[in-house]
Amino acid sequence: MVADSEVVEDGADRMRKLRSCVFACICLSLFVRAAAAQDQPEPTTRAGQIEQEQKAKAVAPYVPNAAERWLDWAESRLTTGSGPHPFFQSAYAGGGFTLGAGYLKYVSPYNTVDVRGSLTFSGYKRIEAEFIAPQLFAGTTRLSVLGGWRDATKVAFYGIGPDSTQDNRTNYSFEQPYASTLLTVRPTRGLLKLAAGVEVSQWQSAPAEGGSDPSIETVYTPATLPGLGAQPTYIHTQGTIGIDSRLAEDYARRGGFYGVTFHDYADTDSEFGFERIEYEAIQHIGVLRETWVLSLRGRVERTSLKEDQ
């Protein structure tokens with residue numbers, strides 16, 4: 001019994017010594033950290049003070065120069081930033097080099113209003129405003145509402161049919177006010193993409209303004225070119241169905257889109273209505289871990305007149 005009691009006392013004494021050692025190590029560690037965290041002592045000489053001030057300047061946060069600030073601003077305007085931005089979309093094909101600008105404003109965390117306009121050296125003009133709600137119905141639906149006006153002063157016309165040549169070029173001009181809405185839906189958040197839209201516009205054609213080629217009314221008549229001089233108002237409806245594997249429609253490094261779009265242009269006077277079908281294929285292929293992207297695109301259109309028009 002005496003031996004057992006001595007063993008127990010010896011074990012308890014060892015545990016007390018172990019706890020004392022651990023406590024001493026913890027205290028020493030805290031002391032070392034506190035000493036390291038203390039500020040450096042104040043310099044006792046003028047040279048030491050100057051050296052400390054130079055070190056403080058060396059660790060100051062980096063301030064970009066004027067060129068870097070301008071490039072940062074331009075990058076934000078060209079990508080996702082709100083506020084002023086460039087706009088290079090011409091009023092119509094053939095207008096030449098286009099200059100334009102716009103102003104985009106967020107009216108909610110996702111919805112935006114964009115007012116923009118453009119002008120070409122040949123006198124093409126375009127001004128429009130667009131409201132976009134990209135995250136409707138839990139992000140499955142995108143709504144676009146657009147309204148504007150455009151003016152093309154010198155549009156080329158080469159005649160009708162496959163026998164037309166560049167030597168037959170004539171010019172005409174037109175103005176077009178328009179308003180449209182487009183709804184794009186991914187019903188299952190997967191590859192299926194559906195879209196439907198409607199647009200109301202009026203084509204106000206007129207003789208060409210300037211240019212060396214003859215104006216269209218000096219070569220053709222309403223008898224030889226049906227619709228010449230007409231001012232039709234169209235109600236344009238469209239529907240799209242396709243497979244879209246792109247991560248983003250406007251900026252994608254992989255994936256593709258394969259779809260067909262049906263257009264119906266109904267003339268309110270039932271004279272110049274027509275229909276159009278578009279077949280479109282887009283495929284993006286990433287190269288070298290998507291550092292480069294090879295983008296392939298094909299498009300076929302088929303247009304037909306409506307019956308009795």
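**Note on aromatic contacts in a predicted model**

1. Y234 in strand 9 and F274 in strand 11 (residues 274-287) are 40 residues apart, and Y234 is buried, with a relative accessible area of 9%.

2. This is a predicted model in which local features need pLDDT of at least 70 and side-chain atom pairs count only at pLDDT 80 or more, whereas totals for chains, interfaces and linings use all residues. Residues are numbered from 1 along each chain as its sequence is written, and side-chain values use heavy atoms, leaving out hydrogens and water.

3. The whole structure holds eight aromatic pairs. In one of them, the rings of F157 and Y220 have centres 5.6 Å apart and planes at 80 degrees, so the pair is edge-to-face. F157 belongs to strand 5 (residues 141-157) and Y220 to the loop between strand 8 and strand 9, so the pair ties together parts 63 residues apart in sequence.

4. L228 is found in the loop between strand 8 (204-207) and strand 9 (233-244); strands are DSSP runs of E, at least two residues, numbered from the N terminus. Beyond four places in sequence, L228 touches I216, E217, Y220, T221 and P222 (heavy atoms within 4.5 Å).

Technical notes. Helix = DSSP H or I, 4+ residues; strand = E, 2+ residues; numbered from the N terminus. Phe/Tyr/Trp six-rings, centres within 6.5 Å; stacked < 30°, edge-to-face > 60°. Buried < 20%, exposed > 50% of the residue type's maximum accessible area, 1.4 Å probe, protein only.
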